[in-house]
Amino acid sequence: MSMLNRKKTEDLISKNTFYGQMYAEGHLIAEEFNNGGSVSERVLSIIDGLYQMEQKAESYFNTNEFSFEIAIEKEPLASEIVFYISGILAHTSREKGKGWRVFVRKSIGQLTPDIVITEKEASPTEKGFEKGVVAVIELRSKETIHPLMTGEDPNYFQKYIDTLGVSLNDIFIITPTLSVEYQDRIKSVAEQQEILSQSTGLPKENWVVLSENRSISNEEPQMFLTTDFDDFLKRLMER
């Protein structure tokens, strides 16, 4: 039993160190952004590094193809990415003197959003927030967004509006990479953002896509970085 307890303690220390390092990295990102630098590439590189570690761990258990696009919503990778982004937002808002609070996967009413940013004085009721929510941020893959793009659930975001007292302008989706296949009639991330906006009313710039993984015919996929995350931080800090 003592050996099991020791193993649990070692795992806990390791996890605390790991998350501490990610939080510290978020501080560096915030400082770089505050100094006028572009941070999109650095943010994506850390997320990609988390994916690579998870891919290596997954390979020990099975030989199935491990897709970045699908893996971002699976545990533990999803929690790691959400924590990393929340740290960036917490440090950046502090650097800008916003005094915001950042909630990570907090149950609010019937919802558990990935990240909720509120004014310092905002407090939830039993049913949610009536006011004071600055932004709601969800980590999503193309797989889960696709039904929204095809109009299968045009009122998907209404639950956020009702529970958190926000508008569509306050809701953001972050997708680390978005595949664009040769067979797709849609040829760019921008066109897909526009389709989601038309289907749901969400402003197209509120779907924050960090990179485009473009596959052309039978060639190897190529990754194209966007500046969406920089633009997202700028617009968020203007609030």
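Lys 204 is partly exposed, at 42% relative accessibility. In this predicted model, the side chain of Lys 204 makes a salt bridge with Glu 194, and the closest N and O atoms lie 3.5 Å apart. Lys 204 sits in the loop between helix 7 (189-200) and strand 6 (207-209), while Glu 194 belongs to helix 7, so the pair ties together parts that are 10 residues apart in sequence. Glu 194 is likewise partly exposed, its relative accessible area being 27%.

How many salt bridges are there in the model? The count comes to seven. I shall describe two others.

The next one joins the side chains of Glu 32 and Arg 42, with a distance of 3.2 Å from N to O. Glu 32 is partly exposed, with a relative accessible area of 27%. Arg 42 is partly exposed as well, with a value of 29%.

Let us turn to Asp 114. Is this residue buried or exposed? Asp 114 counts as buried, because its relative accessibility is 7% and the cut-off for buried is under 20%. Asp 114 forms a salt bridge with Arg 140, in which the closest N and O atoms are 3.8 Å apart. Asp 114 lies in the loop between strand 1 (101-104) and strand 2 (115-118), and Arg 140 lies in the loop between strand 3 (133-139) and helix 5 (142-149), so the pair connects parts that are 26 residues apart in sequence.

Asp 114 and Arg 140 also belong to a network, in which salt bridges with shared partners join them to Arg 105 and Glu 138.

I come now to the packing of two helices. Helix 4 (residues 77-95) packs against helix 8 (residues 228-237) at an angle of about 45 degrees, and their axes are 11 Å apart. Helix 4 is therefore oblique to helix 8. The crossing of helix 4 and helix 8 is right-handed.

Which residues make this contact? Helix 4 contributes Ile 88, Leu 89, Thr 92 and Ser 93. From helix 8 come Phe 229, Phe 232, Leu 233, Leu 236 and Met 237. Sorted by class, the contact of helix 4 with helix 8 has seven nonpolar residues, two polar residues and no charged residues.

Methods:
Residues are numbered from 1 along each chain as its sequence is written. This is a predicted model: local features need pLDDT of at least 70, side-chain atom pairs count only at pLDDT 80 or more; totals for chains, interfaces and linings use all residues. Side-chain values use heavy atoms; hydrogens and water are left out. A salt bridge is a side-chain nitrogen of Lys or Arg within 4 Å of a carboxyl oxygen of Asp or Glu. Buried means under 20% relative accessible area, exposed over 50%, partly exposed in between (1.4 Å probe, protein chains only). Helices (H or I, at least four residues) and strands (E, at least two) are DSSP runs, numbered from the N terminus. Axes are lines fitted to C-alpha atoms, for helices over the stretch in contact, and angles run from 0 to 180 degrees between N-to-C directions. Angles under 35 degrees count as roughly parallel, over 145 as roughly antiparallel, 65 to 115 as roughly perpendicular and the rest as oblique. A crossing is left-handed if the near helix is turned anticlockwise from the far one by less than a right angle, and right-handed if clockwise. Contact means heavy atoms within 4.5 Å. Ala, Val, Leu, Ile, Met, Phe, Trp, Tyr, Cys and Pro count as nonpolar, Asp, Glu, Lys and Arg as charged, and the others, Gly among them, as polar.
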